[in-house]
Amino acid sequence: MDQYSDYGDNEPIYGDDLADEDREARPRLMLMGLRRSGKSSIQRVVFHKMSPTETLFLESTSKINKDNIHSFIDFQVWDFPGQMDFFDPTFDTAAIFGEVGALVFVIDSQDDYMEALARLHQTVRAAYQQNPNIIFEVFIHKVDGLSEDYKIGTYGDSRPWLLLNRLLKNTQRDIQQTTTDELADAGLENVQISFYLTSIYDHSIFEAFSKVIQKLIPQLPTLENLLNILCANSGIEKAFLFDVISKIYIATDASPVDSQSYEICSDMIDVIIDISSIYGRAAIGDKSQGYLEDQQDHQEDWSQHQQDAPEGHPDYDDSNGHHHLQGSQALVNSNNNNNNDDDQSVAQTNSSNHEAFSVIKMGNGTVLYLREVNKYLALICLLRAETFEKQGLIDYNVQCFKEAMDQVFELRRAEKTRRELEANQLIEQQQRHNGMYGHG
Ligand SMILES: Nc1nc2c(ncn2[C@@H]2O[C@H](COP(=O)(O)OP(=O)(O)OP(=O)(O)O)[C@@H](O)[C@H]2O)c(=O)[nH]1
């Protein structure tokens, strides 16, 4: 079983026998939508490293699939079957919607979406009635398919991408407007819904999921503040805190996010994982099966590449841990610190005795700076080469940032332990109380 998530504990389709562990207060995220809209594909690609083309062979979901994600925060993703019927008497809306954090509704943009919209409105009404705190998110999905028509010039315009953009915006506006009108008619004008254009064939699904997950993280404002302080004091242009395994970013600084920055940072994780796996060093995120599978794939790619390489080619020079990557014309300095004895004892408490760190200088004068924060998270910054001349300052500030992060998560752990202790004490008290009555 995947260590990263306990995928596959299929429960009966409706919620009248939800296991106790499912009722615990871990954020729950639901994937809903019509059949074949792409729910299972999204879940597999984002959380299980499935390649998008493999999703072509996914079978239709017939029961709720509950997926426990163990990462920087533990949360659950529930993948619902498309044919779900709210009016079925066995559908326990209170149990299903009662503890949901976010409900992601997936609409297939390549299909006629009128039926999907009707189902979306019905779902929002039912869920909101049970739980007005649910965050509603709509993925207008498979937008890559639309682009194909334009790429081959079906619409006979010389500027296909401009047209594509316009079409996507129209689709989004149409879906958004119809939904707002419909909900207003039902007296639900206060319901907050966000809309995203997504595809599993590019970064858009990871970016959309990032924004969804961020809303479920209680420490988000603290993390954003820390990133703002780090950027302001170090001359960093953009900083992302990434969950390494899923490549979703859980926080960023206040400067606007452009998709290109996100994509390049996300690609950097792949590069670092590639390099670490090639040279057999442990790397970020190595606690996850998802990552290990990924690592093996990359290893195979690399072996192929290596066969073609001329002997002594700088691409393959490992002597000082410096690797000149021919393809991207980047200088990578990937360094897993070898710890002295002191560090190892600290490391043992943290169950990690290495720390990934890497810098890529790109041809356009931008520097990418990655540092592992903990076993799940990595900080990736974009900065100008001139700024990077003061690397000592940046390293120092990043170290301070890491320590602050440790405190944030330590506090959370301490709070969790305190709550568990309190709960146990209550149970004990209750048992003693019952015992006394029993004797009486
Ligand atoms: N072009 C394109 N196809 C996609 C995308 N996402 C999913 N698909 C395809 O859509 C089909 C249905 O995907 P599923 O993930 O099985 O859909 P589902 O919503 O889970 O379906 P049910 O289990 O029946 O409710 C598969 O053939 C996927 O390959 C996407 O972003 N773009």
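**View 1. Helix α2 in its covered setting.** Helix α2, which spans residues 39-48, is mostly covered in this predicted model, with nine of its 10 residues buried. The buried positions are Lys-39, Ser-40, Ser-41, Ile-42, Gln-43, Arg-44, Val-45, Val-46 and Phe-47. The elements that cover these buried residues include the strands β1 (28-33), β2 (65-70), β3 (74-79), β4 (102-108) and β8 (248-252), together with the helix α7 (204-214).

**View 2. The packing of α2 against α7.** Two packed helices are described by the angle between their axes and the distance between the axes. For α2 and α7 the angle is about 85° and the axes are 11 Å apart, which makes α2 roughly perpendicular to α7, since angles of 65 to 115 degrees are counted in that class. On the α2 side the contact is made by Ile-42, Val-45 and Val-46, and on the α7 side by Ile-205, Phe-206 and Phe-209. By residue class, this contact of α2 with α7 divides into six nonpolar residues, no polar and no charged. Ile-42, Val-45 and Val-46 are also among the buried residues of α2.

**View 3. The shell around the ligand.** Of the 22 residues around the ligand, those that come nearest are Gly-38, Ser-40, Ser-41, Thr-61 and Gly-82. Helices α2 and α5 (143-151) each supply at least two residues of this shell, and the largest share, three residues, comes from α2. The shell residues divide into five nonpolar, 12 polar and five charged. Ser-40 and Ser-41, which are among the residues that come nearest to the ligand, are buried residues of α2.

View 4. Most residues other than glycine have a negative phi, and most peptide bonds are trans. Arg-36, in the loop between β1 and α2, has instead a positive phi near 60°.

View 5. Lys-247 counts as buried because 22 C-beta neighbours lie inside 10 Å.

Notes. Residues are numbered from 1 along each chain as its sequence is written. This is a predicted model: local features need pLDDT of at least 70, side-chain atom pairs count only at pLDDT 80 or more; totals for chains, interfaces and linings use all residues. A residue is buried if 20 or more other C-beta atoms lie within 10 Å of its own, exposed if 12 or fewer, and partly exposed in between; C-beta atoms are placed from the backbone. Helices (H or I, at least four residues) and strands (E, at least two) are DSSP runs, numbered from the N terminus. Two residues are in contact if their C-beta atoms, placed from the backbone, lie within 7 Å. A residue is near a molecule or strand if its C-beta atom, placed from the backbone, lies within 6 Å of it. Ala, Val, Leu, Ile, Met, Phe, Trp, Tyr, Cys and Pro count as nonpolar, Asp, Glu, Lys and Arg as charged, and the others, Gly among them, as polar. Axes are lines fitted to C-alpha atoms, for helices over the stretch in contact, and angles run from 0 to 180 degrees between N-to-C directions. Angles under 35 degrees count as roughly parallel, over 145 as roughly antiparallel, 65 to 115 as roughly perpendicular and the rest as oblique.
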